[in-house]
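Subject: Structure handover and notes

Hi,

Here is the structure for you to look over. My notes follow below it.

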Amino acid sequence: MKLTHIKIRSIEQKDTQERHEFFLNLAKAKEGMISTPEEIGFNSYDTQEQIAYFLSIQNSLWLIAEYENKIIAEIDIIRYQAQKLNHVGKLTIGVLPTFQSMGLGSVLMQKALDWAIINNLKRLELFVFKSN
């Protein structure tokens, strides 16, 4: 599969169910995830609220990557809202194992870094496992 068949776009509220399924599948893969499937649950209500909250805050980024209308990866940067930390963003990224080692994570990371530069972020924080 080529990256040209993958669509990258901003998340929308209509993505709630698909994003919930993506996150659950990522947790089931047990690779690099903090959350377990049990912690995520099988109800998409939390995902709906998470997306709604994200869409209500300013200067943050949440991109999803789709293949055949399914979310296969995502990256987000949540900018700290406190004025003294407004130059810092928390970055998270996730790619389904089937789509790893294809360069998709690198493409998403570059888009996020470009966005961070344009939006005057001076520091990004990424939390990872020691083994990652």
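A residue counts as buried when its relative accessible area is under 20%, and as exposed when that value is over 50%. By that cut-off Arg9 is buried, because its relative accessible area is 11%. Please keep in mind that this is a predicted model.

**Overall layout**

The chain has 132 residues, and 39% of them count as buried. Its secondary structure comes to four helices and five strands. Along the sequence these follow the pattern β-α-α-α-β-β-β-α-β. Take the contacts in the chain with a separation of 6 or more: residues 24 or more positions apart account for 59% of them.

**Arg9**

Back to Arg9, which belongs to strand 1. What does Arg9 touch, once neighbours within four places in sequence are set aside? The list is Lys14, Asp15, Trp62, Leu63, Ile64 and Glu66. Ala65 is 56 residues from Arg9 in sequence, yet their C-alpha atoms are 6.6 Å apart in space.

**The core**

The largest nonpolar core has 27 residues. Which of them touch the most other members? They are Ile72, Ala73, Ile77 and Leu104. Several elements each supply at least two residues of this core: helix 1 (16-29), helix 3 (45-56), strand 2 (61-67), strand 3 (70-79), strand 4 (88-95) and helix 4 (104-118).

Leaving out residues up to four places away in sequence, Ile72 touches Ile6, Phe22, Ala65, Glu66, Tyr67, Gly94, Val95, Leu96, Phe99 and Leu104.

**Helix 4**

Helix 4 has 15 residues, which should span 21 Å at 1.5 Å a residue. The end C-alpha atoms of helix 4 are 21 Å apart, so the two values agree.

Just after helix 4 comes Asn120, with a positive phi of about 60 degrees.

**Helix 1**

Helix 1 has 14 residues. From first C-alpha to last it reaches 20 Å, close to the 20 Å expected at 1.5 Å a residue. Its buried residues are Thr16, Glu18, Arg19, His20, Phe22, Phe23, Leu24, Leu26 and Ala27.

**Aromatic pairs**

How many aromatic pairs does the structure hold? There are two. One of them joins Phe54 and Trp62: the ring centres are 5.2 Å apart and the planes are at 90 degrees, so the pair is edge-to-face. Phe54 is buried, with a relative accessible area of 8%. Trp62 also counts as buried, at 4% relative accessibility. Trp62 is in contact with Arg9 as well.

**Loops**

Are Glu68 and Asn69 buried or exposed? Glu68 counts as exposed, at 60% relative accessibility. Asn69 counts as exposed too, at 65%. Glu68 is in the loop between strand 2 and strand 3, and Asn69 lies in that loop as well. Neither is a glycine, yet phi is positive in each: near 50 degrees for Glu68 and near 65 degrees for Asn69.

Thr98 is in the loop between strand 4 and helix 4. At 64% relative accessibility, Thr98 counts as exposed. Ala29 is 69 residues from Thr98 along the chain, and their C-alpha atoms are separated by 9.9 Å.

Best wishes

Technical notes:
Residues numbered from 1 in each chain as written. Predicted model: local features only at pLDDT ≥ 70, side-chain atom pairs only at ≥ 80, totals over all residues. Heavy atoms only, no water. Core = buried A, V, L, I, M, F, W, Y, C linked by side-chain atoms within 4.5 Å. Buried < 20%, exposed > 50% of the residue type's maximum accessible area, 1.4 Å probe, protein only. Contact = heavy atoms within 4.5 Å. Phe/Tyr/Trp six-rings, centres within 6.5 Å; stacked < 30°, edge-to-face > 60°. Expected span 1.5 Å × (residues − 1).
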